[in-house]
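Please go through the predicted model shown here. The text after it moves from the whole chain to single residues.

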Amino acid sequence: MRRRLHRALALPVTAALLVLSGTPAMADSTIPTTPTPQPADPNQAPVAAPTGPQPLGHAVADAAASLGVLRLLPNAVDTSTILPGYGQQLPKQSALEAGMGLSSAQANSESYLSYERAIAQSSPFGLAVAGNAPQAPGSLVQTALPDNPNGLSGGFNAPQNPLLNVGLLNGQVHARWSPTQGPCVDTIADASTSIASLSLLNVIPSMPNLPMTGLNLPQGDKLAQGFDPQQGLQALGGLLSGGGQTSANGTGSLLSLPNTLSSHSVVKLVDIPGSAKKAVQSVSTLQAADIQLLKGTPLELELKVVSQPTLTVTSTGDKNTSKVDYTAPVIQILRQGQVLYTLDAANPTKDIPIGLPLSGLSDAFGPLQSLPVVGGLVSTATKGLQPVGDTTGKVLDLGVLRLSIAELNQKGQDLTDPFAGYQLGASARMLDLQVLPTQALKNVLPADVAGKLPSSLAQLSLGEQIGRAYAPKGGVVCGSTAPAAPANNPAPGAPKQLAYTSGAYSAVPMFWTGTAMLLLGVVLVAALPNRRRSAVVKPSPTPRSK
């Protein structure tokens with residue numbers, strides 16, 4: 001009976017032994033490891049460099065344009081840095097910068113992240129306060145890798161604000177990059193932005209907010225007869241409409257564009273004459289129609305853009321053959337169809353003074369409308385718009401409207417990192433409009449206010465363009481590396497099989513061998529029949545009867 005119990009317990013005990021002895025070995029062979037990070041988007045290229053043929057070409061470039069940039073108190077705020085004292089060595093920032101219609105195209109074969117090889121971006125607007133720029137909503141962005149056969153497009157209506165009124169903004173972006181050919185595609189990055197209409201500055205917020213009666217006019221001087229504007233200095237004495245929402249049609253604004261203004265930024269590769277390699281090229285173009293100053297007043301001026309500006313930067317990798325091509329704009333300033341000034345490469349700047357008429361001017365022209373004198377023109381109640389010859393002693397100059405074009409700046413340098421080549425960059429502006437205070441204005445302001453006036457009250461730039469191109473010496477090579485062929489024979493001296501380096505791994509084959517033998521023994525013991533030898537009992541002798 002006892003032996004039967006032993007045989008019945010043999011198999012369960014063996015199974016328990018297997019489980020208990022196998023736990024350490026199995027636990028060591030299934031140690032969890034950190035999984036390889038994968039992109040959230042399954043269509044996104046991995047961060048690590050992919051296997052297989054790789055592009056041979058190296059190219060770094062960007063092209064950008066903004067339809068309009070408004071700067072209040074430019075060069076008035078120190079640049080903040082994390083390094084103590086280093087901000088004093090950097091250029092100062094504007095108190096406020098607002099950009100409209102931003103477009104940029106970028107290419108970078110050296111970027112760490114594969115999806116930053118090509119970037120095309122169109123932003124309806126951007127804002128920076130003391131150099132700090134938050135992310136603007138409504139932006140349109142496309143990146144590569146992966147390659148994008150088709151681009152993106154969209155529209156955006158800017159929110160209302162007191163400084164500018166922006167119509168519908170439309171943007172288009174397209175980014176390309178080949179997994180094997182790299183930048184050798186038709187166009188690497190293409191971005192464009194257009195504004196249906198634009199009007200800016202119905203008030204100069206950086207101007208002291210003082211009424212006309214708060215001015216310390218020279219003894220004996222007073223405002224001209226009929227000139228008693230209700231608006232203060234921030235409205236330029238009544239030229240601007242004052243605070244509140246800027247009108248959509250531009251009436252009462254310093255500058256307005258009733259028609260579409262568009263920008264186009266492209267980065268691509270172009271042929272090098274006599275070479276199979278390519279050059280890196282950035283192109284920034286602007287399309288503008290008429291621009292209006294002081295719309296809705298008798299002193300309204302029209303700026304007609306005769307020649308559209310185009311900035312092209314091309315780098316072949318060699319300083320001698322790399323170049324910057326710039327088509328400077330030609331802008332005519334008209335009043336009632338008559339050309340007053342022409343801004344071109346020979347005459348890039350024109351100052352238009354703005355002043356308050358004094359009593360001496362009304363003595364010569366009679367009653368005046370409540371409008372300042374702009375560029376030597378005055379509006380009278382009886383004779384309409386009249387030119388003024390000598391304004392000395394007759395006008396108190398408030399400020400100057402400075403119009404300037406071009407301002408082309410370029411810089412090039414030889415680089416060795418991340419690759420040997422030549423980098424060339426350039427920037428230009430289609431039109432700059434600045435409101436500058438005059439010394440005469442400082443003389444009539446209270447001393448505490450005059451001491452705080454900056455060198456520029458406001459700056460408005462239309463059509464800012466930037467282009468940079470960086471190519472390796474000799475140009476960009478279009479092609480890809482050949483994939484490495486797998487080795488059929490192991491290297492000399494290499495072991496055919498890796499040795500076990502852990503006691504747990506060595507115990508695995510021994511464990512399963514012993515387990516098999518133990519199971520076999522249990523089966524054999526359980527399967528064999530029970531054959532006990534019977535004891536030989538000798539019969540007792542029968543007693544004989546006597």
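Residues are numbered from 1 along each chain as its sequence is written, and side-chain values use heavy atoms, with hydrogens and water left out.

The chain has 5 helices and 25 strands (DSSP runs numbered from the N terminus: H or I of at least four residues for helices, E of at least two for strands). Of its 546 residues, 41% are buried; buried means under 20% relative accessible area, exposed over 50%, and partly exposed in between, with a 1.4 Å probe and protein chains only. The accessible surface comes to about 29,600 Å², and 55% of this surface belongs to carbon and sulfur atoms (Shrake-Rupley method, 1.4 Å probe; for residues, only the protein chains shown count as cover). Among contacts between residues at least 6 apart in sequence, 71% join residues at least 24 apart, where contact means heavy atoms within 4.5 Å.

In soluble globular proteins, nonpolar side chains tend to be buried together. Here the largest nonpolar core has 67 residues, of which I204, L254, L255, I291, L403, L431 and L433 touch the most other members. Such a core is a set of buried Ala, Val, Leu, Ile, Met, Phe, Trp, Tyr and Cys residues joined through side-chain atoms within 4.5 Å. Strand β23 (residues 395-415) gives the most to this core, with 6 residues. A second, separate core of 32 residues includes A107, W177, C184 and A469. Leaving out residues up to four places away in sequence, the contacts of L431 include I291, L303, L403 and L462.

The structure also holds 1 cavity of 30 Å³ or more. A cavity is a set of points on a 1 Å grid over the protein atoms alone where a 1.4 Å probe fits but cannot get out, and lining residues have an atom within 4 Å of a point. The largest cavity has about 60 Å³ of space; grid points are joined across faces, edges and corners, and a volume is the space filled by probe spheres set on the points. Among its lining residues are L299, Y341, I352 and G375.

S66, in strand β1 (residues 60-72), is buried because its relative accessible area is 5%. G360 lies in helix α2 (residues 359-365) and counts as partly exposed because its relative accessibility is 27%. K452, in the loop between α4 (447-450) and β25 (458-472), counts as exposed because its relative accessibility is 70%. K452 and P208 are 244 residues apart in sequence and 9.3 Å apart in space, C-alpha to C-alpha.

Most residues other than glycine have a negative phi, and most peptide bonds are trans. The peptide bond from A144 to L145 is cis, with omega near 10°, and a cis bond also joins D417 and P418, with omega about 10°. L294 has a positive phi near 55°; with 1% relative accessibility, L294 counts as buried. Phi of Q336 is likewise positive, near 55°, but Q336 is exposed, with a relative accessible area of 70%.

Notes: Predicted model: local features only at pLDDT ≥ 70, side-chain atom pairs only at ≥ 80, totals over all residues. 1 Å grid on protein atoms, 1.4 Å probe; cavity = no way out; pocket = protein on both sides within 12 Å on 5 of 7 lines; lining within 4 Å.
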